[in-house]
Amino acid sequence: MKNNNKTKEQLLDKISKLEDKIAELEKSISKCKRTEEALHESEKRIRNLIESIPIGITISTPEGSILEVNTAILKIFGYDSKEELGNTHTEAHYYNPKDRERFLKLIKKGLVKDLEVQFKHKDGSMFWGSINSTMVTTGAGDTEFISSFEDITERKRAREEIKSLSKFPSENPNPVLQIDLNGVLLYANKAALSVFSNWKLQVGQTIPEVLQELTQWVKGTFVRTSDIPYGERIFSFSAALLVGPGYVNIYAEDITERKLAEKELLEKNKNLELLGQTVSTMNECVSITDKEHKIIFVNHAFVDRKSVV
């Protein structure tokens, strides 16, 4: 009789322990569901942020597979959908295959900044683009490239036009000056006299101090470029020393809009870096999946959570 009672007590004790484990499991499942919901919400916020950026963004592998893109990149390359672009290979978008090789050599250092290369639109036409890219390692140990793209075709064309016009100073819409080695103005085209009217430039007279510094610098380097503010505008001054004749040619270009755009892009890149750092250190589990629902990025919290489960 005593043995039966003992067996019954043991059975009840096991049932009680089993019920406790079931309760713990239910709590764990409930916590996992909350974590999953938080994960989906975090992923949604990240995707919305990437979509709102006006520059092209891609996530790709070193082998050239495109894992994820935003809408802006479609407009740059001329594709109709993310799926269509995602089914292509990154090498196919380079107008010159050697530029892809150059990119891969540079990215081995972990970062590519302002690399200008020729790309191809979907229809095969060429355009100039600027790439900024960083190499990251996912929580799963895979290597990926997160890259931003910007179409700079018009900017390159404008530079070439300025270079061409610089051969004909009087017809150049940008300021052109010629200065002797003593800082005396030898020539100024109409654009220079009009744009820099506050300097009161006169042939045969000494140039402003800011330009004198530029001519002094160029004596040791033969070519010198400097960004100089003028009123509310910013000009890029390029000075070239002609040793034989003994004078300096100065070409000025208004780069105010470009500087503002660069500042805006820099702030956006900083925000992206901050976002990446924030996501990596979040206590919430965060992952990003591709169009086939395969996980392409997870933060440390996600890896830790999965290892515990």
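## Close-ups of a predicted model

View A. The charged end of K156 sits over the ring of W128, 4.2 Å from its centre. To count as sitting over a ring, NZ of Lys or CZ of Arg has to be within 6 Å of the ring centre and within 35 degrees of the ring normal. Keep in mind that this is a predicted model, where local features need pLDDT of at least 70, side-chain atom pairs count only at pLDDT 80 or more, and totals for chains, interfaces and linings use all residues. Residues are numbered from 1 along each chain as its sequence is written, and side-chain values use heavy atoms, with hydrogens and water left out.

**View B. W199 and its ring partners.** Aromatic pairs number 15 in this structure; rings of Phe, Tyr and Trp (its six-membered ring) pair if their centres lie within 6.5 Å, and planes under 30 degrees apart count as stacked, over 60 as edge-to-face and the rest as tilted. W199 and Y230 have ring centres 5.1 Å apart and planes at 80°, so this pair is edge-to-face. It links distant parts of the chain, with W199 in the loop between α6 (190-195) and α7 (209-221) and Y230 in strand β8 (residues 223-230), 31 residues apart. Helices (H or I, at least four residues) and strands (E, at least two) are DSSP runs, numbered from the N terminus. Both W199 and Y230 are buried, meaning under 20% relative accessible area, with exposed being over 50% and partly exposed in between (1.4 Å probe, protein chains only). W199 also pairs with F237: the ring centres are 6.3 Å apart and the planes at 35°, so this pair is tilted. F237 belongs to strand β9 (residues 233-242), 38 residues apart from W199. At 0% relative accessibility, F237 counts as buried.

**View C. A cluster of aromatic rings.** One aromatic cluster is made up of F77, Y94, F119, F127 and F149.

View D. D99, R100, F103 and I107 are the buried residues of α4 (residues 97-107). They span an arc of only 105° around the axis, so they lie on the same side of α4; the arc is that of the directions from the helix axis to the C-beta atoms. Exposed K98 and K105 are on the face turned away from that buried side. The buried residues of α4 pack against β3 (111-120), β4 (126-137) and β5 (143-151), where contact means heavy atoms within 4.5 Å.

View E. Axes here are lines fitted to C-alpha atoms, for helices over the stretch in contact, and angles run from 0 to 180 degrees between N-to-C directions. Between strand β1 (residues 56-60) and β2 there are 3 bridges, and S60 has I66 as its bridge partner in β2.

**View F. Another open sheet.** Here 5 strands pair antiparallel in the order β7-β6-β10-β9-β8. The twist averages 20° from one strand to the next. β9 and β10 pair over 8 bridges, with N249 in β10 as the bridge partner of A240.

Terms used:
Pairing = 2+ DSSP bridges.
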